Amino acid sequence: MRRSSAPIAALAAAAGLALAQAPPAARLASRFDEVKSKVVRLPGGDERGATRVAAGDPAEAGDVVRTGAFARAVLSVPERAARFELSSSSRVRLAGPEPGIVLVLESGRLKAVFDAFTGASEERRVAAPGALLAVRGTRYGLETTSDGGSVLAVFEGTVEVFPVDGSPSLRVER
């Protein structure tokens, strides 16, 4: 397993936060395949609409998903052949501010599984503080850090990391 940790400056953290707060451009449908303990969905990111979810429930672009302290969830995005295992105390936004972003990890940890896909790799990106990740038939783990960065562990395949500070992309392979 190779790990790549990208330390980020305040500017990169601000850019990552801006990614997480922008309205979604795409309308991808998602589904909760598994839910353990308290997992809530905030339609459109609105805290007032917080709804506890169960296996089989749908979610859509712009929704925020939050897992509790001992909770976890498996969320699938069939249109992108993607599955995300959300760990406890995590927060993600479904779809991103620009086309091709499937999910934005705002805090916490996830494991991502991307099966073979015939579409463009630009349609299967994940945003995290400090970076944008493009995948190609990949399994990886992603965690946010307390200093506003992200840690990546690739278990299988290739992930291309695009730092938000504009530095050159980096390929991490396993």
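Which strand is the place of Gly157? Keep that in mind while you set up the viewer; we will come back to it.

**Before you start**

This is a predicted model, where local features need pLDDT of at least 70, side-chain atom pairs count only at pLDDT 80 or more, and totals for chains, interfaces and linings use all residues. Residues are numbered from 1 along each chain as its sequence is written, and side-chain values use heavy atoms, with hydrogens and water left out.

**The whole chain**

Colour by secondary structure to begin. The protein has 1 helix and 15 strands; helices (H or I, at least four residues) and strands (E, at least two) are DSSP runs, numbered from the N terminus. Of the 174 residues, 45% count as buried. Here buried means under 20% relative accessible area, exposed over 50%, and partly exposed in between (1.4 Å probe, protein chains only).

**Stop 1: Gly157**

Select Gly157, and you will find yourself in strand β14. Gly157 counts as buried because its relative accessibility is 18%. Leaving out residues up to four places away in sequence, Gly157 touches Gly137, Thr138, Val172, Glu173 and Arg174, where contact means heavy atoms within 4.5 Å.

**Stop 2: the nonpolar core**

Next, show side chains for Phe84, Leu110, Tyr140, Leu142 and Leu152. These have the most contacts inside the largest nonpolar core, which has 33 residues. Several strands give two or more residues to this core, among them β7 (72-77), β8 (82-86), β13 (131-144) and β14 (150-163). β13 supplies the largest share, 5 residues. The term covers buried Ala, Val, Leu, Ile, Met, Phe, Trp, Tyr and Cys residues joined through side-chain atoms within 4.5 Å.

Centre on Phe84. Beyond its neighbours within four places in sequence, Phe84 is in contact with residues including Ala73, Val102, Leu110, Phe114 and Val126.

**Stop 3: β7 and its partners**

Select 72-77. How many of the 6 residues of β7 are buried? The count is 5, so this strand is mostly covered by the under-20% cut-off. On one side of the pairing list, β2 and β7 run antiparallel, joined by 5 bridges; two strands pair if DSSP finds at least two bridges between them. Val35 has Ala73 as its bridge partner in β7.

**Stop 4: β9 between its partners**

Move to β9. Strand β6 (residues 64-67) pairs with β9 in the antiparallel sense over 3 bridges, and Val65 has Val92 as its bridge partner. β9 and β10 are antiparallel too, over 4 bridges; look for Arg93 opposite Val104.

**Stop 5: two serines with positive phi**

Finish in the loops. Ser37 lies between β2 (29-36) and β3 (39-42), with phi near 70°, and is partly exposed at 42% relative accessible area. Ser89, in the loop between β8 and β9, has phi near 55° and is partly exposed at 45%.
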